[in-house]
Amino acid sequence: MLSAYPDFTNFNNLLIQTGIAGEINKKHRVTVLVVANSNMAAVNGVSKDAMKEVLGVHVILDYYDEAKLKQLQTKQATILTTLYQESGRAKNQQGFLNMTNTGNTPVVFASAAPGSKLDCTLVKQITAQPPKVSVLEVSNIINIASIPNSASYLPDASAPKLRKALAPAPSRAEAPAVPQISPTKPPSANANAPAPASTSSVVSLPSRDYLASTILMIFSWAWLLLPMV
């Protein structure tokens, strides 16, 4: 029935993938609350099992079309049983819906679970096969307060995890040479004093005592040799 409506292809595909479509076909009286493709972001990344729970809340085990909704008493809540409740996995009223005709605004659908928000409204009737199947468009995925604490809105653990890609290290030939920089030595206290010459460039000079002794010895030899001459 939904295949003729391209605005609901995502919802329809999920019904098929989770097996909910097959369970709907076994029911004699059912109402399906469908959500347009543009409003399906709330269930992105949800696991298959959790998605089945979420979609099960959108399948009412009774027939309701626009004509029947208009017969609802104003501002009086009607408790509806869903396919998720029938599965036996629902807890804390998760498997029941609160449907209310507020009078001034469209019919409101909300989970009967404590703390759930009244933020899902009827948009329009999509199609129907009275008195068996009715398809109603609602504004968004029905919020269930207790589902985020379970596995329902957690990402699929089997989904591949993205890892940040690291660039390969450059090869030895490609790696740029890193200049070796010697650390700068702090200046000494006497910065203006000239640096001492290295020992290899210094010529040793004879001392004064050594020169005097040498001169005296020369004169002594000369005095002794003079008579011989």
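Author: Among contacts in the chain between residues at least 6 apart in sequence, 62% join residues at least 24 apart. A contact here means heavy atoms within 4.5 Å. The model is predicted, so local features need pLDDT of at least 70 and side-chain atom pairs count only at pLDDT 80 or more, while totals for chains, interfaces and linings use all residues. Residues are numbered from 1 along each chain as its sequence is written, and side-chain values use heavy atoms, with hydrogens and water left out.

The chain has six helices and seven strands, and along the sequence they follow the pattern α-α-β-α-β-α-β-α-β-β-β-β-α. Helices (H or I, at least four residues) and strands (E, at least two) are DSSP runs, numbered from the N terminus. Of the 229 residues, 31% count as buried. Buried means under 20% relative accessible area, exposed means over 50%, and partly exposed is in between, with a 1.4 Å probe and protein chains only.

Now the interior itself. A nonpolar core is a set of buried Ala, Val, Leu, Ile, Met, Phe, Trp, Tyr and Cys residues joined through side-chain atoms within 4.5 Å. The largest one here has 45 residues, and those with the most contacts inside it are Phe11, Leu33, Val34, Leu69, Met99 and Phe109. Helix H3, residues 48-57, supplies the largest share of this core, five residues.

H3 is mostly covered, with seven of its 10 residues buried. These are Ala50, Met51, Glu53, Val54, Leu55, Gly56 and Val57.

The axes of H1 and H3 come within 10 Å and cross at roughly 115 degrees. H1 is therefore roughly perpendicular to H3. Axes are lines fitted to C-alpha atoms, for helices over the stretch in contact, and angles run from 0 to 180 degrees between N-to-C directions. Angles under 35 degrees count as roughly parallel, over 145 as roughly antiparallel, 65 to 115 as roughly perpendicular, and the rest as oblique. The crossing of H1 past H3 is left-handed. On the H1 side, Phe11, Leu14, Leu15 and Gln17 make the contact; on the H3 side, Lys48, Met51 and Leu55 do. Five of these contact residues are nonpolar, one is polar and one is charged. A crossing is left-handed if the near helix is turned anticlockwise from the far one by less than a right angle, and right-handed if clockwise. For residue classes, Ala, Val, Leu, Ile, Met, Phe, Trp, Tyr, Cys and Pro count as nonpolar, Asp, Glu, Lys and Arg as charged, and the others, Gly among them, as polar.

Phe109 was listed among the core residues with the most contacts. Leaving aside neighbours within four places in sequence, Phe109 is in contact with Leu33, Ile60, Leu80, Asn98, Met99, Cys120, Leu122, Val138 and Ile142. One of these, Cys120, is found in strand E6, residues 120-129. Is Cys120 buried or exposed? Cys120 counts as buried because its relative accessible area is 0%. Cys120 and Phe109 are 11 residues apart in sequence, and 5.3 Å apart in space, C-alpha to C-alpha. Beyond residues up to four places away in sequence, Cys120 touches Val107, Val108, Phe109, Val138, Ser139, Asn140 and Ile142.

For contrast, here are some loop residues. Lys27 lies in the loop between H2 and strand E1 (30-34) and is partly exposed, at a relative accessible area of 25%. Apart from neighbours within four places in sequence, Lys27 is in contact with Leu61, Leu83 and Glu86. The C-alpha atoms of Lys27 and Leu61 are 34 residues apart along the chain and separated by 7.8 Å.

Asn92 lies in the loop between H5 and E4. Asn92 counts as exposed because its relative accessible area is 57%, and it has a positive phi of about 55 degrees although it is not a glycine. Gln93 lies in the loop between H5 and E4, is partly exposed at 43% relative accessible area, and has a positive phi of about 65 degrees, although it is not a glycine.
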